Amino acid sequence: MMVPESILCTKSHEYLLEENGLYTIGLTDYAVEQLGDIVFVELPEVGSEYSKGEVFATVESVKAASEIYMPVGGKIVEVNEKIVETPEILNESPYEEGWLVKIESECAQEESGDLLEYSDYKEELE
Amino acid sequence: MLQKTVLYDIHKKLGAKMVEFGGWEMPLQYSGIIDEHKTVRNTAGMFDVSHMGQFFVFGIDALSFLQKIVPQDISVLKKNHAVYCQLTNNNAGIIDDIIVYYLDKNSYLIVVNAANIEKDYKWIVQNISQYDVEIKNKSQEYSMFALQGPEAHKIIQNCGISEADQPEFFTIKETQINNIPVFLSRTGYTGEDGFEIITKNENAINLWNFIFENGIKYGLKPIGLGARDTLRLEAALMLYGNDLNEATTPVEAGLKWSLALDKKSDYNGKDAILKQLQNGISKKLIGFEMTEKAIARHEYDIYQNQQKIGIVTSGGYSPTLDKNIGMGYVYTVQEIKTDSIIEIMIRNKLYKAKVVKRPFVKKKYRNKIDTL
């Protein structure tokens, strides 16, 4: 599994990845490994807006339901329909196929101060 | 401080993710819950269930004492046979659900839930009064495994016990595996054929390894508590603390089949049970499957016509059916029947579900016509 170099991670295990002015949000490899077999994903509607720290999605493994938080505030512009149909993609490919949503964010710069680079995030886990 | 089973280091070596359960640090999963679940349904899996408790009951009053503490009729139990029943309080509330094994004259084994060992022991001892009986809580001395799945009987045969010598469904045998003395019973908690094996702690690692050596060619894998829960839910087997508690009677829990309705002798909670059988109950256990895409979980509310009518006690994803299923109690006992449409409140939204018959997945016990 390739971890994109420029991702930023939250302590609640979401990642944020900037690509061409949009931001992709997903779950880290550590998060999906801890959750185990993911069997259900509930995503927000395109166009809805959330602020940093708000719950915007729910991911359920066989064992339990987990709420997913916005790493930064923004407006949902695209959701990954593929993972709603086939949730196990999240386990198999958290960074490539298994992203959750893409957002537009004007406050990403100022709100991402407390996010961690992947290497620091991994260190925190230990 | 969490307790550890004798096999703790083996679980860690096998890469198990551990979890707290009933005061014990137990394996939640090894290869993954869905993979483990399918392994048990298709071939065979082995669970370390050493957290469960074993009480031995001895004495000339052993039978009459057991008759007093469970609604089931122990007097009709043949030697080496086992029966599922409940420890009931005076209101017929379920203190625990247990299996009673008739080992020999004046000698019985009771297997109880891990989280209830102390509570059960206290309750049982409280009930001794005039009975000439001795209760020994040997939970700390014994380990217990469950070998479950359609290939389980072949693995036990490979371990040296021929099909003809294997105990039949819901019976127990004192025998040896690899020269290790064991209680070998044809019981389990998955809805599959299989065995539960009880042995002294000092032999547990040996026995575990020996069964794996003999089971590997049948695809035997270690199975954690995660798959144990999904397997038992598909078979609609009760989980104490979720589906059963002291405020619930066996009649309400749909366990009438495990009561001796014509039992003559007195037992704890008899009046309450007879009253419910005669006058009806105010809550009952139902099984349901979600018809809208959502997963019901323990303690979610059940609705119908905008009214809260009950509560989910167990719910989750069924790997065998690829559906979301659950069980719970409803208080509108008369109105809710098979095929009734209900709703489950999930994250402040109602999702439709349909009441279905239990079990969700047909049990596949061998040498037995499934009447439950």
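Predicted model: local features only at pLDDT ≥ 70, side-chain atom pairs only at ≥ 80, totals over all residues.
**Entry 1: strand 3 of chain B**

I began with strand 3 of chain B, which spans residues 24-29, and I noted that it is mostly covered, with 6 of its 6 residues buried. I then looked for its partners and found that strand 1 (residues 3-4) of chain B runs parallel to strand 3 and is joined to it by 2 bridges; here Gln3(B) has Trp24(B) as its bridge partner. Strand 2 (residues 17-21) of chain B pairs with strand 3 in the antiparallel sense, over 5 bridges, and in this pairing I located Met18(B) with Pro27(B) as its bridge partner. Between strand 2 and strand 3 the hairpin has 2 residues, and I wrote down that Gly22(B) takes a positive phi near 55° in this hairpin.

**Entry 2: where chain A meets chain B**

Next I turned to the interface, where 16 residues of chain A are in contact with 17 residues of chain B. The two chains bury about 1400 Å² between them, and 51% of that area is on carbon and sulfur atoms. On the side of chain A, Phe40(A), Val62(A) and Lys63(A) lose the most area to chain B, together 39% of what that side buries.

**Entry 3: charged and polar pairs**

Which residue of chain A forms a salt bridge with Arg347(B)? I found Glu60(A), with the closest N and O atoms 3.2 Å apart. Across the interface I counted 3 salt bridges and 12 residue pairs in polar contact. The elements giving two or more residues to the side of chain A that touches chain B are helix 1 (29-35), strand 4 (38-42), strand 6 (55-61) and helix 2 (81-85) of chain A. The residues of that side divide into 6 nonpolar, 4 polar and 6 charged.

Notes
Residues numbered from 1 in each chain as written. Chains lettered and ligands numbered in written order. Heavy atoms only, no water. Buried < 20%, exposed > 50% of the residue type's maximum accessible area, 1.4 Å probe, protein only. Helix = DSSP H or I, 4+ residues; strand = E, 2+ residues; numbered from the N terminus. Pairing = 2+ DSSP bridges. Contact = heavy atoms within 4.5 Å. Buried area = accessible area lost by both parts, 1.4 Å probe. Salt bridge = Lys/Arg side-chain N within 4 Å of Asp/Glu carboxyl O. Polar contact = N/O pair within 3.5 Å; in protein donor to acceptor, adjacent residues only side chain to side chain. Nonpolar A, V, L, I, M, F, W, Y, C, P; charged D, E, K, R; others polar.
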